[in-house]
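Student: I would like to go through this model term by term. Please set each value against its definition.

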Amino acid sequence: SKQAGKNRFQFYARDMQSDALARLQLEADLRIALERQAFSLHYQPIVEADSGELVGAEALIRWIHPERGPVSPLEFIPVAEDSGLIIGIGEWALREAARQSRQWRDGGHAALRLAVNMSGVQFREAGLPDLVGEVLAEFGIDRGGLMVEITESVLMGGSESMESRMRAIKALGIGYALDDFGTGFSSLSYLKRFPVDVVKIDRSFVAGCPDDRNDAHLVEAIINMAHSLGLQVTAEGVETAEQVAFLRELGCDFLQGYLIGKPLPAEGFEGMLEQHFLL
Ligand code: C2E
Ligand code: CA
Ligand code: CA
Ligand code: CA
């Protein structure tokens, strides 16, 4: 009836309003969190597939909200991107990862490679290469010590200034991993045009391996294609021994996932550093 329709509309309107308010509240809380540097990084190990040797880690941001407790980056990163707060948050994460890298390097893990996630919004800033250069110099991080993970959407934004920024950062000795590969609209032309070093197969595809034939074929195709372009491949979301065997068989270069190790605070990650071989 007309009345029911009207009520439904009011319900949606109220719902939308509370959504918008919740977002504004989250943005305000994020702003305070950034001022207080209330974020931390967790580290998830990345191993060489053949040997199981720990070769690197992905730095993943964590935020414990004073009232709500832990908030997923999947929830707050988009708000940080829309509000521009990601510029400051991303700078914090880069600096913190570099600081930690220095500490682990000094502690005898000189070859460990840390990967930091960067938003496409950060690449719109003309000052990004200078910032990265300053941070590398401040902590004395040498070539190959840091990687940057970007998603396909960064490449799709693909302006020439963005491309030259990417190359300027690469020239500082930073490699790129293309994150969540297969979920977006990347094409071979992107992989050729941009200076990508590693392709990370999204865990939604790894999840179906080896039993789901579509996933298995897709993963095989991505690995072969990447290798033929001279790129290395990391499989993310590795949770079972069957997946490890399957990915090794296909010649996948690196593995990451709960089976190898969950993301842990720096102190916890140090336990894995001491083990050296995780598979
Ligand atoms: P991502 O870059 O794809 O990171 C991998 C996510 O998968 C992480 O979730 C990780 O905890 C989770 N994961 C790893 N192994 C497994 C597994 O075996 N099984 C399952 N089910 N999950 C696994 P997390 O930490 O919640 O991060 C979510 C996303 O937030 C990240 O996805 C990344 O896109 C974004 N993010 C995290 N930290 C940062 C950051 O510092 N800056 C930016 N811009 N984005 C970040
Ligand atoms: Ca990532
Ligand atoms: Ca990923
Ligand atoms: Ca993913």
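Tutor: We begin with a metal site. The calcium ion (ligand 4) is coordinated by Asp180 (OD), Asp202 (OD) and Glu236 (OE), at 2.4 to 2.5 Å. This is a predicted model, in which local features need pLDDT of at least 70 and side-chain atom pairs count only at pLDDT 80 or more, while totals for chains, interfaces and linings use all residues. Residues are numbered from 1 along each chain as its sequence is written, chains are lettered from A and ligands numbered from 1 in the order in which they are written, and side-chain values use heavy atoms, with hydrogens and water left out.

Student: Why is glutamate 236 called buried, and what is aspartate 180 called?

Tutor: Buried means under 20% relative accessible area, exposed over 50%, and partly exposed in between (1.4 Å probe, protein chains only). Glutamate 236 has 9% relative accessibility, so it counts as buried. Aspartate 180 has 25%, so it counts as partly exposed. Phi of aspartate 180 is near 55 degrees, a positive value in a residue other than glycine.

Student: Which residues coordinate two calcium ions?

Tutor: Aspartate 180 coordinates both the calcium ion (ligand 4) and the calcium ion (ligand 3), which are 3.2 Å apart. Aspartate 179 bridges the calcium ion (ligand 2) and the calcium ion (ligand 3), 3.7 Å apart. The protein donors of the calcium ion (ligand 3) include Asp179 (OD) and Asp180 (OD), and the donors lie 2.1 to 2.7 Å from it.

Student: Which residues hold the calcium ion (ligand 2)?

Tutor: Glu58 (OE), Asn117 (OD1), Glu149 (OE) and Asp179 (OD) coordinate the calcium ion (ligand 2), at 2.2 to 2.3 Å. Their spacing along the chain is E-x58-N-x31-E-x29-D. Asparagine 117 is in strand 4 (residues 113–117) and glutamate 149 in strand 5 (residues 146–151), 32 residues apart. Asparagine 117 has a relative accessible area of 29%, so it is partly exposed. Glutamate 149, at 2%, counts as buried.

Student: What makes the largest pocket a pocket, and what is its volume?

Tutor: On a 1 Å grid over the protein atoms alone, a pocket is an open set of points with protein on both sides within 12 Å along at least five of seven lines; a cavity is a set where a 1.4 Å probe fits but cannot get out, and lining residues have an atom within 4 Å of a point. Grid points are joined across faces, edges and corners, and a volume is the space filled by probe spheres set on the points. The largest pocket has a volume of about 1,300 Å³. Of its 47 lining residues, the closest to its centre are Glu58, Leu60, Pro73, Leu74 and Asn117.

Student: How does the lining of the largest pocket divide?

Tutor: Ala, Val, Leu, Ile, Met, Phe, Trp, Tyr, Cys and Pro count as nonpolar, Asp, Glu, Lys and Arg as charged, and the others, Gly among them, as polar. The lining of the largest pocket has 22 nonpolar, 14 polar and eleven charged residues. Strand 2 (residues 54–65) gives the most to it, with seven residues.

Student: Why is glutamine 37 called exposed?

Tutor: Glutamine 37 has a relative accessible area of 53%, so it is exposed. Its place is in the loop between helix 1 (2–35) and strand 1 (39–48).

Conventions
Helices (H or I, at least four residues) and strands (E, at least two) are DSSP runs, numbered from the N terminus. Donors are N, O and S atoms within 2.8 Å of the metal (3.2 Å for Na, K and Ca); water is not among the atoms, so sites may look incomplete.
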